Structures are given as structure tokens and as C-alpha cells.
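Please read the points below alongside the model.

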Amino acid sequence: MLFNSLTFLVFFVVVTGMYFLLPHRYRWFLLLLASCFFYMFFKPVYILILFGTIVIDYYAGIKLEEIQDEKKKKFFLILSLIANIGVLVVFKYFNFINENISQVLVHVGVQNPIPFLKILLPIGLSFHTFQAMSYTIEVYRGNQKAERHFGIYALYVMFYPQLVAGPIERPQNIIHQFYEPKKFEYNNVSAGLKQMLWGFFKKVVIADRLAIGVDEVYNHLDSYTGIALILATVFFALQIYCDFSGYSDIAIGAAKVMGFTLMANFNRPYASRSISEFWTRWHISLSSWFKDYLYIPLGGNRVKVSRLYFNLFIVFMISGLWHGASWTFIIWGALHGIYLIFALITKNIGVRISDFFKKLKLSFLVNAFNIGFVFALITFAWLFFRAKTTHDAFYVVKHLLDIHSINMAKDIYLNNGQDFFVTSIFVIFFMEVVQYININYRNLLFKYPSAIVRWGFCFSLIIMICVFGVYHNDSEFIYFQF
Amino acid sequence: MIQNLFIFSFKVKLFIIKISIFSVIILLSLTVLDNFYTKYVFSHKNLCEKSDWILNHHDENFDFAFIGNSRVLHMIDINVIEKKTRRKGINLGLRGANFSENYLVLDQFLKSSNKIKNLIVEVNMHNLNADKQLEYPFHDYNYIHLLKDSITREVFYDNEPNYKMFLWKYLPFVRYMEFSNHFSLYKILKGGFECKTSDDFDASKGSKIFNEKVFKTEKQNYVYWTFNENDKNYLNKIIDLAMNKNINLIFYTGPIYYKYLPFQLNYTKMIGEIKNNLRNKNISFFDFSNPQNNLCRDTADFSDNFHMNISGVAKLSLVVADSILQLLK
């Protein structure tokens, strides 16, 4: 079920209403049932895969807690990880691996005998698999008690607001919340609905609007060069931010209405002054997952410099692969790894330049330059994320600086797409102003003492969603595919 | 459950009161916006859009009108037929349209005090089974501002899901939200829906002829055709509407490239059935799609299997004019 659909609106009102009407002891069942319905709305049969991994992880968790012997504990942890990663490999990576094997074999004149699987990727597979893995790892480490209530454990994996695109929760943060009786709290409901509204605004007004221009260029790459490609890539950077952070806002808001607190997933990432800062602000639940369960076990920062670079590179390449079974995603991840390594190598030079400007009381110049430079690097990496194939991605890279294409860009953005362009710039500017005010002044627009201002702001958002929103049947969230 | 309601009754009441007031304000605002949009769309038609161009006619008399889908829009040159018959005509063909859309447009056209003496209807496998073949057989966004009209509403009910009609009835602005690309506030504030094509329907009398002479063909697959009940129903409604308005009816099916026809299974039988039904109603029917017909045999006359180019249209328009000349009122 898509958040930006009429079905979800009805679903949300019914489920939330019933949630508050039911006594606490039945609520877990309602939420589990609702989550199953939510998931099965996409493709019912895939619930069986999810159920299979839930059963394995549930028993693995109990065993991990009961068994004292370290070797046996490790066995159950590995069993659980294999089950989860196995599902990922079969559904997400099998055909990609097979395709690459075929290409290698073609070079030596052998035909690949392994058939390709004709299966669809279960929606949000990478998200709930990672959430399930964090449970068994935390139980193994002794940071989390094994959950004995099967329904609650299933709900931990399947809680509908964050089931298909995160935030990827940790058991310590969410499981205990299912046991706490939640009362109807006006402040929670109001704050949750406002966050959902803001998420809808970002998704249907900005992301889906920008998608029109971005898709036009990226689906007909041969027809575009230079400025048109640059604008489309910059717009994609904003589109993916609004799409994904919009989803996270709706998810966090929907949970908040019922009294649940989910972890924050975004914090104005494009205001980052370095790539490492970007990764503390972008998809926070995933980057912290990789940090806790991969980067630190690999040795983290407490290793030799060469090993540190290797760790960073590997973590980001795997992070790229997590997003999709394609070389474009791997290159995207690798690029971020390279950026970070380069930032570490040139750290001292950066500090010296920064100090120099500080002495001249011109730190704002350094900050502005850093924000712009980091945005440019990130946007460059996004083109690999957006391109359908590596061939397409390198076409964009090759033609990005073709300056003879001003007329082409004018044609798509100012002549034929003037409406799209002007409206996009207006709504992006509006979003940036609102984000700036809300972050720097403690959510001022949603919490202003005067009801007229609060209501007026929410009213403006709804009217903008109605007037400027883009409503297509196929406007899914980008991160659903992962 | 009831007990739970009482526990949080005050908080819930406060919330329900606030959200209700807020919802009423939103609904009222959307109603105002809907009225504004509707008035605007009525007064600022985009005359490059064929349907708007048709609906922009008032108090005009036509000796003949052609109606159908792209095979009328692109394949009937009204100027050629006018010259040959020495009568005034109009092309009411709409690209990718089903008979529901044709019926709606014809009804609106006649309601604007336009008069037609002869209506020439083209039938083909696509508009007899529009749902199967056409990507978007009813271009609802072109007519959503007309929803207060009873016939338009009836056509919409037959072509749209019920929930959508329910929403459009009680929350009418949703119709403009759904098609925000067509009805953008920016365009409205800027002062209109500008033309992006060079189509001059006034000069061509509603025709749009393909100039390219390259024949585009694709790999052909067998298709088994059957009548779509909705299309059949609206074809009959067109006939009834014409008869009620005392309009003389003539039917035809245009040329199809002869190598394409054998893949269209059951098509000949369907056309035969239509022919018989029309005969019972004393309506003439011309079949120009016969593979032996010279019009169907030369790729130089076609832009694709199903549409003729400028050279084919010139030939077809002359043949059609000759065929209908004696039957025109």
C-alpha cells in the first residue's frame, strides 16, 4: 500500500481509530493484522517469505539467549544471518550475480548453464531483513533480551509505518514500546499528523513534480547533454531527498499518532559541510546500521591507516549494493567511499585553509564553499544512482560539461516546461525556508503559540498539496524498490 | 471498547472538534478553488486541444460531420470532401477516443446550438473494443469541468471507477488535483493554456493529416477481437442521438493495410454484424477495409498499418466523398 494513496488514508484512519478503541492487550494483534494487510496489498504471497524469516529469527533469538556456549551461540547467529542474507541473495542478487557470471563465461566461450530466476523483488526486502538482523545481533551481543512473545516479535519486523522503507529500527528502541499502554495524547496525535503532512508535501509536491523533468531527461538520455543533464541530476538530488525523507516523515508521523517513537532518518543532509557529516544526516538508520554491525566489527577507526581506508571503501561499496543489484549502485557506494578516503588524506590541508579564513573572520565563506562542494560531490554520485545502466551513467558523465546545450535546457525547462520549472523552484524555496525555520527555531511553524499561525501553516500545506501535488498511479517511493 | 471511549473522551472530543473545524475550512476552500478552476477552464479553452476546439463552436450549421477516433482525425480531409460535395463539413474525430467520448462531444456540440445534417461514423476494431487496444480510451481530463451536465456525468459513470465519481461529487476539486499537469495554477495565473502545437484546426476544419511518407510497421501478433459492451452501447447511443435530432447517418470503416488484416481475428465477422444491424435500421455502410480494395494495398499511402498518410488521405477523402455524395441530405 502506498502512503500517497487514497487507500492508505482510509486504512490509516480505520487502524488508528481502532487502535485507540481497543484495550491495550489486543492492540499488538490489531497492529500485526494491519501490517500484514498493508504488506499483502503489494503482493500477498511474499508475506510467506517474511513469515519464514520471522520464525527463524524468533527461535534463533531465544536460542541465543538460552545457550551459554559461545560456539553454539555463534552457530545460531550465523544460521539466522544466513537465512536473512539468503533470502536477500535469492530474491535480490541472484540474477545480478548470474548475469555477471554469464558475461565472464561469454569471454571464454562458454554458455552459462545456470537459469535466471523469474521472480519479483519483495517490496522493502532490504529494510525488514536488516531490521531482523539487528535483532539477532543485539541478542547475541547481550544488548537485547530475546522476545518470547511471537506476535510482538513479528510486529517488530512488520510494524507497518516502517515496514517497507524504514527507518530501520533497533530492537532496544521499539520492542518495549509495544508493551507500553499508549493513551490518546493530543500532542502526539497533533505532532504526528503535522509530520505526516510535511512528508506528503515533500513527496507529492516536490519529489513527484521534480520526477517529471528528471524522468524526461534520464529516460531519453540520447537527446540531452550539458546543462539539461546537470539540471536533471541536481533535481534528482532534491527529488530523492524529498521522496525518501517524505516517506520517513509519514512513517514517523503515523507511528507518533499512535504514541510510538521511531528514530529520525534525516537531518537536512544537503547542509553538510563534509561527506562524513552527510552520512550522519542522510538515511541515519542505515548508516548507523552499517557503522554498528559492519564498520566497527571490521575494526572501525582503531586500525592502521591502510586498513581504515579499506574498511571505509568496503562498507560503502556494500552500502551501494544494499540499494540495488546493479553496478550503478556499487559505483555510487564506491564513490562515497573514495570521497571519504580522499577527505581523510587531505584533512590537514582542509584544517589549515579553514584556520586561515577563521583568522580573517571569514569562516562563513569556508562553510558556504564546503556546503556547495559537498553538494556537488553528492549530486555527481547521484547520477550513478539514477542512471539505469552503467552505460547511461557514463554517457551523463561524458556529456555533463557540454556547454553547447543551453537551448536544449531552455527547451525542456523554460519553453515547454516553464510551468514545471517555475513551480519546482517555488516549492523547493518554500521547503528550504520552512526547514530552516523549523530546525533553527524548534519547529516554530508547527508549534507557534498563536493558533492562527499554526493552523494557517497547516492550511497552506494542504492547499499546496492539493494545488501543486502530482498524482500519478505509478508514483511509488524510490526506496520501495530496495 | 465503549469503556475506552469514555476514558479519553475529553481529549478525543477536543481533537475531533478541532479537526472537524479544520476539515470544514479546508473543504470550503477547496470548493471555492473548484469553482474558480471550473469558471477559468470554461472561459480559457485551449483551442489547440481538439476537444476544446470542437466544444468552442456555437450556433453553426454543418452539412456533414465525421466522427470517430484517430482514423477520422488523421484520415479524413474535410477540405477535400467539401470541395467535392460543395457542402460545409467538420471533422469531430478525436485521437485515441472511444465511442463514449465521441458521444459526449457530439452531445455537447449539439447542445451548443450547432446543427448537423449528416453524421458519418467510422467504426473499426479499436473503437469497438477500446479498452483492449487504446491506452487511455476516455480522455476524462478534457471534460471534467462539464460534470454538472447530466449526459456528461452519465458518460463519466460508465467510464470511471465508482470511488472516483463519489469523490468528484462530494469533493469536486479532487478532479483538478488528479490532473494537475493539465490544470496547473501557474498556467492559470499566467493567463491561459498556451498552444504548444502548430495545429490549425480552423483551417483544416478539424482534420490533422500525417505528412510523413515513411511506413512504420511493427511485428504483428494475432489479436482476437470481440465487442466491448460499453463501446457497443455508446455506438447505439450515437445512433439514437442522431435519429432524435433528425440527423442522417452514414457508417463506414476506413482502409487498413491489407497485410495487417489477416492478423485481426474475428474482425470481419464483427464488421458483418454491424453491417446487418445498420441495414435493419436503414443506415448505409461502406467497407473500405476490404483487402482487395486498392486503397488498402500500397504502403506509400500508409503511415502505419492502421493510419493513412497525406497521399492515402487524399485518395480516401475523394472516394468517401464520391460514396456519400448521393446519400447526403
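This is a predicted model: local features need pLDDT of at least 70, side-chain atom pairs count only at pLDDT 80 or more; totals for chains, interfaces and linings use all residues.

1. Residues are numbered from 1 along each chain as its sequence is written, while chains are lettered from A and ligands numbered from 1 in the order in which they are written.

2. The contact between the chains involves 21 residues from chain A and 22 residues from chain B; two residues are in contact if their C-beta atoms, placed from the backbone, lie within 7 Å. On the chain B side, α1 (2-7), α2 (9-43), α11 (174-178) and α12 (185-190) each supply at least two residues. Helices are DSSP runs of H or I, at least four residues long, numbered from the N terminus. The largest share, nine residues, comes from α2(B). By class, the side of chain B that touches chain A has 14 nonpolar, four polar and four charged residues. Here nonpolar covers Ala, Val, Leu, Ile, Met, Phe, Trp, Tyr, Cys and Pro, charged covers Asp, Glu, Lys and Arg, and polar covers the others, Gly among them.

3. B:L73 belongs to helix α4 (residues 70-73) of chain B. B:L73 counts as buried because it has 25 C-beta neighbours inside 10 Å; the cut-off for buried is 20 or more other C-beta atoms within 10 Å of the residue's own, placed from the backbone. Neighbours within four places in sequence aside, B:L73 is in contact with B:K50, B:N91, B:G93, B:L94, B:R95, B:S207 and B:K208.

4. In chain A, helix α14 (residues 347-359) and helix α15 (residues 363-386) pack at an angle of about 140°, with their axes 7 Å apart. Axes are lines fitted to C-alpha atoms over the stretch in contact, and angles run from 0 to 180 degrees between N-to-C directions. α14(A) and α15(A) are therefore oblique to each other, a term for angles left over once those under 35 degrees, over 145 and from 65 to 115 are set aside. A:S354, A:F357 and A:K358 of α14(A) meet A:S363, A:L365 and A:V366 of α15(A).

5. The largest nonpolar core has 129 residues, of which A:Y156, A:M158, A:V214, A:A232, A:W382 and A:F384 touch the most other members. Such a core is a set of buried Ala, Val, Leu, Ile, Met, Phe, Trp, Tyr and Cys residues joined through C-beta atoms within 7 Å. Helix α9 (residues 226-257) of chain A gives the most to this core, 20 residues.

Methods: A residue is buried if 20 or more other C-beta atoms lie within 10 Å of its own, exposed if 12 or fewer, and partly exposed in between; C-beta atoms are placed from the backbone.
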